Amino acid sequence: MKSAIISSKRDDSVYDIDVKSYRYLSTTSHHKFVPLSINSSSKGEVSFYDIDYIANGRKMKCKCPNICPSFLKEKPAKQILYGLSGNFKTGMHAIMGSTGCGKSSLLDILANRKDRHGLSGQIFVDGSPAPSSFKYMVGYVVQDDIISETLTIRENLMFSANIRLPRDVSHVERVERVIKVISDLGLESCADTTVGTEFIRGVSGGERKRACIGMELILARKIFFLDEPTTGLDAATARKVMKCLSNLAKQGRTIIFSIHQPRYSIFKLFDTVTLLSEGEMLYHGQAKNLLNYFSQQGYSCEPHDNPADFVIDVLIDAQERPGALENLRLAYEKSSMHQHVMKLRKQQFIDVNLQIRTSRKSAKPTISLWNEFYYICLRTLKNTFRNPSLILSQIVVSIILGLLVGLVFFDLKKTTDPGGSQVLHNVGLDYTTNWDLWKNFFGLSMMTVGLFLLAYIQLRRIKKTK
Ligand SMILES: Nc1ncnc2c1ncn2[C@@H]1O[C@H](COP(=O)(O)OP(=O)(O)OP(=O)(O)O)[C@@H](O)[C@H]1O
Ligand SMILES: [Mg+2]
């Protein structure tokens, strides 16, 4: 039990941002940054064992299937992942496989962002079961970024710093951190350029992607998950983004990402490769041993072929040939890579009580609700003023709303009608057939509900990234 206490204490501090060690050191001749700190006690090691995932694993209780709307009907359960186990340490870890093989699902599960229904298995961080607040302790860069397009890169990063750094981090330190992230990601030349929309010309795709990474990097996380960080980027830009991630990995981070058809120059940056096919693992080991392993299985890569393209071709070929995929799966199960993971599993499953203790921990909010509200309002204001079409649509909506409200009080006889019966008449409460006004009121209410919903969705999206 002693080990449990030590472990749970360490768990709290592992991902804490060590602000004091990130100081803007003023020297006589120049200013120098100490690198963005990562708590040195964390190894940034993620292990996962026996991950099974069944989509639509939640059973809907619709007793009358004939009259049930289709979205309430039970959908057929589908197994997406089959008993995946593995281990990631600091470095660059690529998850590869043909489309629909389960890469994003595995990433979501590892980052604790999947609904628990239909999910089984264990995730360990630095040898201890991942706490329930794990998703707040890692960086997660989604494919559809949530960066604000009317703000500059620096303003976006400042927003992330303001809303996500703990309250005891001073304003100066936040600014310093933003400057450091900009420099780490090589974004100095475009830091004050608006990100850009379909209508406003902004930064390039690669710069935008790096800015999204920066939004997470602000928190100096040790572990990063990225879902297809190079999708939609041209070859040179994709390499720039991956090189940037590789530099972050060299600073001692664990970077886990899914990727489609990387070029050889990008493939060379990977430390390990995890190959999935139809939800099963076929390789989980050093990138440099990949070709050797597949040649042992009877698949040789031609001298000038890209290893990443080659293995995907092997997987597609194996899917088409009866028994070939099963042979590859069995070969992996017998391989030293899998045996190594199983050994780790045995070590880490020692104390089941420990898992229960640590997994009950919950995340603490980093800033107060008021501060959060303030920064979101500030961002929305900036966003509104820099987006003429948005202002125009809001003016039009306000005029329409004003007219609708005005209609309620239209023709009100102040002196002769002190009881306000005219208002009641206008809104249809005098039981006359003032159906149009009822409709107006209904529309007004729906619009208000809609606006609240929009605000709520935006808040949820921001909260999700915390
Ligand atoms: N909620 C769900 N219901 C039904 N099927 C699902 C659900 N979520 C995922 N799937 C299926 O699981 C499979 C794996 O999905 P996933 O998004 O993980 O694949 P992927 O490897 O990331 O694919 P891609 O390379 O196209 O991004 C797909 O066939 C997908 O259709
Ligand atoms: Mg995907």
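Residues are numbered from 1 along each chain as its sequence is written, while chains are lettered from A and ligands numbered from 1 in the order in which they are written. In this predicted model local features need a pLDDT of at least 70 and side-chain atom pairs count only at pLDDT 80 or more, whereas totals for chains, interfaces and linings use all residues, and side-chain values rest on heavy atoms, with hydrogens and water left out.

Around ligand 1 there are 13 residues, of which T99, K103, S104, S105 and H260 come nearest; a residue is near a molecule or strand if one of its heavy atoms lies within 4 Å of it. By class, this shell divides into three nonpolar, seven polar and three charged residues, where Ala, Val, Leu, Ile, Met, Phe, Trp, Tyr, Cys and Pro count as nonpolar, Asp, Glu, Lys and Arg as charged, and the others, Gly among them, as polar. Both β4 (78-88) and α2 (103-110) supply at least two residues of the shell, and the largest share, three residues, comes from α2; helices (H or I, at least four residues) and strands (E, at least two) are DSSP runs numbered from the N terminus.

Oxygen atoms of ligand 1 take part in the following pairings. An oxygen atom of the ligand is 2.6 Å from an N or O atom in the side chain of S105, one is 2.7 Å from an N or O atom in the side chain of S104, and one is 3.0 Å from a polar backbone atom of G102.

An open sheet of four strands has the order β4-β3-β6-β7, with antiparallel pairing; two strands pair if DSSP finds at least two bridges between them. Because β4 and β7 (128-129) stand at the edges, each with a single partner strand, one side of each is left without a neighbour in the sheet. Strand β3 (residues 46-55) pairs with strand β6 (residues 119-125) in the antiparallel sense over six bridges, and Y53 stands opposite L119 in β6.

A further open sheet, of six strands, has the order β8-β9-β10-β5-β11-β12, with mixed pairing. Here β8 (139-141) and β12 (280-286) stand at the edges, each with a single partner strand, so one side of each lacks a neighbour in the sheet. Within this sheet, strand β5 (residues 91-96) and strand β10 (residues 254-258) pair in the parallel sense over five bridges, and the bridge partner of G91 in β10 is T254.

How values were computed:
A polar contact is a pair of N or O atoms within 3.5 Å; within protein, one must be able to donate a hydrogen and the other to accept it, and residues adjacent in sequence count only if both atoms are side-chain atoms.
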